[in-house]
Amino acid sequence: MIIAANLKTNFTRKETKQYIQELESYVTNNAITQEVLVFPAMSSLDENNTSIIVGAQNAYPTQEGAFTGEIGETHLNEFAIKTILIGHSERRHILGETQESIVAKFNYYKKLGFKIVYCIGEPLPKREAGEQEMMEYISAQYEGIDTEYENLIIAYEPVWAIGTGLTPTLEDIASIHKKLKKKSKAPLLYGGSVKVTNAKEVLNVLNVDGILVGSAALYVEHFCTMISYAEELSQ
Ligand code: PEP
């Protein structure tokens, strides 16, 4: 399974280093065989000599250049980063990324062979509008995306569940993951208010290949517990 932590705009470089070291100790001491990914804040990217896969939360589709406030391929290469999160709802809805700009980013980092965790998910009004409208909305987020890309991981994250403590029912997750698996065979993660208290049951849902965790992953011991659930379920 794939267990990923999105640290968002939290932790300094020093704190992130400590976090990754604690995670690495846990993974090594417990002979964890799951794939563990961590997405630190941009300024906390650093050398990484652990088995934890460190990815970028964002980067501009460029090697370098005049793109104030952004980082590019060169900055990721400095730390041998080969994994990137693309299409997260906070970037779509707070930072105004369009499907067009997301596709440009996807294609750029795909060409470089990056592991791409591509996020999709519907806001509450779309869910409330019913199944058909919700699926149309989600389908539009697949437009321009190579769903057969070998290093693709998809994360289904309902926008209304992110950071809110709300989650779809397990039946809802099963139902939508079943539909999404028809669109792409890539590993499919669930994300949105996954916590120690619900991680095991979410991981146990059919067609859930892992989880993407935000707030709850800030507690390293909680994140380690979720990793242990995945390990247990994979036996
Ligand atoms: C996320 O930001 O990807 C996320 C899933 O956040 P949270 O776990 O806090 O809902």
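Start by selecting helix α8 (residues 196–203) and helix α9 (residues 220–234): their axes come within 9 Å and cross at roughly 25°. Axes here are lines fitted to C-alpha atoms, for helices over the stretch in contact, and angles run from 0 to 180 degrees between N-to-C directions. Helices (H or I, at least four residues) and strands (E, at least two) are DSSP runs, numbered from the N terminus.

Before you click on, a word on the model: it is predicted, so local features need pLDDT of at least 70 and side-chain atom pairs count only at pLDDT 80 or more, while totals for chains, interfaces and linings use all residues. Residues are numbered from 1 along each chain as its sequence is written, and side-chain values use heavy atoms, with hydrogens and water left out.

**Two helix pairs**

Back to α8 and α9: that angle makes them roughly parallel to each other. The cut-offs are under 35 degrees for roughly parallel, over 145 for roughly antiparallel, 65 to 115 for roughly perpendicular, and oblique for the rest. Show side chains and you'll find Val196, Ala199, Lys200 and Leu203 of α8 meeting residues of α9, among them His222, Met226 and Tyr229. Contact means heavy atoms within 4.5 Å.

Next, pick helix α6 (residues 131–140) and helix α7 (residues 170–183), whose axes come within 12 Å and cross at roughly 40°. This pair is therefore oblique, and the crossing of α6 and α7 is right-handed. On the α6 side, select Glu131, Met134, Met135, Ile138 and Ser139; they meet Ile176, Lys179, Leu180 and Lys183 in α7.

**Rings**

Now colour the aromatics. Rings of Phe, Tyr and Trp (its six-membered ring) pair if their centres lie within 6.5 Å; planes under 30 degrees apart are stacked, over 60 edge-to-face, and the rest tilted. By this rule there are 7 aromatic pairs. One of them is Phe11 with Tyr19, a tilted pair at 5.5 Å centre to centre with 50° between the planes. Phe11 is partly exposed at 25% relative accessible area, whereas Tyr19 is buried at 4%. Buried is under 20%, exposed over 50%, and partly exposed in between (1.4 Å probe, protein chains only).

Then jump to Tyr108 and Tyr109, which pair edge-to-face at 5.0 Å centre to centre, with 65° between the planes. Tyr108 is partly exposed at 23%, and Tyr109 is buried at 0%. For a cluster, select Phe106, Tyr118 and Tyr149, which are linked by ring pairs.

**Last stops**

Zoom to Glu24 in helix α1 (residues 13–29). What does Glu24 touch, not counting residues up to four places away in sequence? Thr50, Ser51 and Ile52.

Most residues other than glycine have a negative phi. Ala80, though not a glycine, has a positive phi of about 55°; look for it in the loop between α2 (73–77) and β4 (83–86). Ser193 also has a positive phi of about 55°, in the loop between β7 (188–191) and α8. Ala80 is exposed at 62% relative accessibility, whereas Ser193 is buried at 10%.

Methods. A crossing is left-handed if the near helix is turned anticlockwise from the far one by less than a right angle, and right-handed if clockwise.
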